[in-house]
Amino acid sequence: MASPDPGSFRDPASKVIIDEGRVIRLLDQRGLAAWEALSASPFLAEAVASGDIVASAPIDYHHDGAAGALEHPRLPLITYPYEWTFSMLKDAALLQLDLLERALGAGLTIKDATPFNIQFDGGRPVFIDIGSFDKYQPGEPWLGYRQFTRQFLFPLMLRAWAEMPFQPWLRGDMEGPTAAQMRQILGGRNRWRPSTLLHVSLQARMEEKMSGSAVRGDLKTAGFNANLILANVRRLRSLVDSLAWAPDAEGWTDYHAWTHVGRDRQAKSEFLTSVIGRLRPRTVLDLGANDGHFARLAVDHGAHAVAIDGDEGVLDDLYRRSRGVSLSIVLTDLTNPTPSQGWAGVERPGLFQRVRPDLVIAYGLIHHLIYTASIPPRSVLQWLRSLDAALALEFVAPGDEMVTKLTANKLGHELHPGRTEDEFRRTLDELFEVKAEQSLGSGTRVLFELTPR
Amino acid sequence: MLFGYLDAGSGSLLLQAILGGAAGIAVAAKAWRARLRGKSLVKDAIAESEAGATSDQASTEP
């Protein structure tokens, strides 16, 4: 039974449906003509071969009066720009610009510029929206310029120049900040950078002055041409290239240097290796993945791993070390994971509607949920059970040195019941079957292999 | 209209010409001057071509 992809409906020429796990793109007459122009160009074959554009195969598929159909390979996990780190959005921006330049060289254009058209596969960005390509009509401007600034450039500027994370903004407003909003945010010397004056201040001013005017015809008659787009694209590329962000050391970047982490890492790795050896999971979800050590271990044993963490610094570092690795990176706060949102509340599904793990790793996690985020232990375990997968869990008892630090300013009655080992085991037994367990050297931590009851 | 599903923003479209460098600034100025005169270059061009066609016809008449 085919069902429409809830995020693919805006372009009438091309829309994606999912049919028994197959990803199928339906084209109308215009979409088919655009595909024929694209597929006839060596540009497409080269970009697919280099991994920059997803592969597409024309198929004989009849559905709802479509003029043509393509099939794409299914990606391990769809992620959204508000779940990406700075380097991921930057790489996606550079790919967008690079593809536009190469497309224009082949007499084609990309009719929009949104990071939702880009996904990560094997630690690198890949452009997935074949329907965005069309023949370039002489005299036409680049219609995606404003969208590029709002969804790629301005978010990167926010992080690089104003030390503001872009993800909360993009999660709240998927269209991204406007030029007028950026003009308000960028102060001091950032306000006077040439790039700010052009892409932010001048764009904001011209948008205000010209709202609703029809200018495309005028530009064409005045002599607009593809070389002007190319000049703009090349400047944007050097601007994006120059944007940099170095996470401060206050986050979790030095996590592995902490004593309990180094001491237990070997034992936790061996325990996980034995769990993976028994279960042979295809997809492993690492909650609170930090430097990705355990997620990478799962990949080394043949799984696709999904590394989730709330710290952009550690995930950005992990991303930069994961080229060619079967690893998806998701930046989200587990106490407030990505919700379903967009049109009809379903256009961009929530994180846990997209991830279907066979094994979940919850190492070094639950004490942060219980003691830092004040989530009742029972609720933590019920949530882990709702993921409906096997679980490698590290229990951290109240006397643990880390728990002592986390509760230094909390009084006993301010903590939830159910956190002692005996109480925790009782809840665990209700929800899971314990397949294996092992105490760690500290005496305050226990590893469990669990399967849902 | 091509690609009509995305609102590209009028000011952002004209700005692109400026961002295209010296040649683009000339294009933007030409398009902008037409706007200041309260005219559309497209309408002018249509009017000119129609006027040309009329005068051609006039000159071929005996």
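Two residues are taken to be in contact if their C-beta atoms, placed from the backbone, lie within 7 Å. By that criterion, the contact between the chains takes 27 residues from chain B and 38 residues from chain A. The structure is a predicted model, in which local features need pLDDT of at least 70 and side-chain atom pairs count only at pLDDT 80 or more, while totals for chains, interfaces and linings use all residues. Residues are numbered from 1 along each chain as its sequence is written, and chains are lettered from A and ligands numbered from 1 in the order in which they are written.

Chain B has three helices and zero strands, where helices (H or I, at least four residues) and strands (E, at least two) are DSSP runs numbered from the N terminus. Helix 1, helix 2 and helix 3 (41-60) of chain B each supply at least two residues of the side that touches chain A, and the largest share of that side, nine residues, comes from helix 1 of chain B.

| Class | Residues of chain B touching chain A |
|---|---|
| Nonpolar | 17 residues |
| Polar | nine residues |
| Charged | one residue |

A residue is buried if 20 or more other C-beta atoms lie within 10 Å of its own, exposed if 12 or fewer, and partly exposed in between. Buried residues make up 29% of the 62 residues in chain B. Nine of the 10 residues of helix 1 (residues 10-19) of chain B are buried, so this helix is largely enclosed by the rest of the structure. Its buried residues, including B:Leu13, B:Leu14 and B:Gln16, pack against helix 4 (145-162), helix 7 (194-210), helix 8 (216-221) and helix 9 (226-242) of chain A, together with helix 2 (22-36) of chain B. Just after helix 1 of chain B, B:Gly21 takes a positive phi of about 95°.

Within chain A, helix 3 and helix 12 (residues 312-320) pack at an angle of about 50°, with their axes 8 Å apart; axes are lines fitted to C-alpha atoms, for helices over the stretch in contact, and angles run from 0 to 180 degrees between N-to-C directions. Where they meet, A:Phe86, A:Ser87 and A:Met88 in helix 3 of chain A face A:Glu312, A:Asp316, A:Tyr319 and A:Arg320 in helix 12 of chain A.

Conventions:
Nonpolar A, V, L, I, M, F, W, Y, C, P; charged D, E, K, R; others polar.
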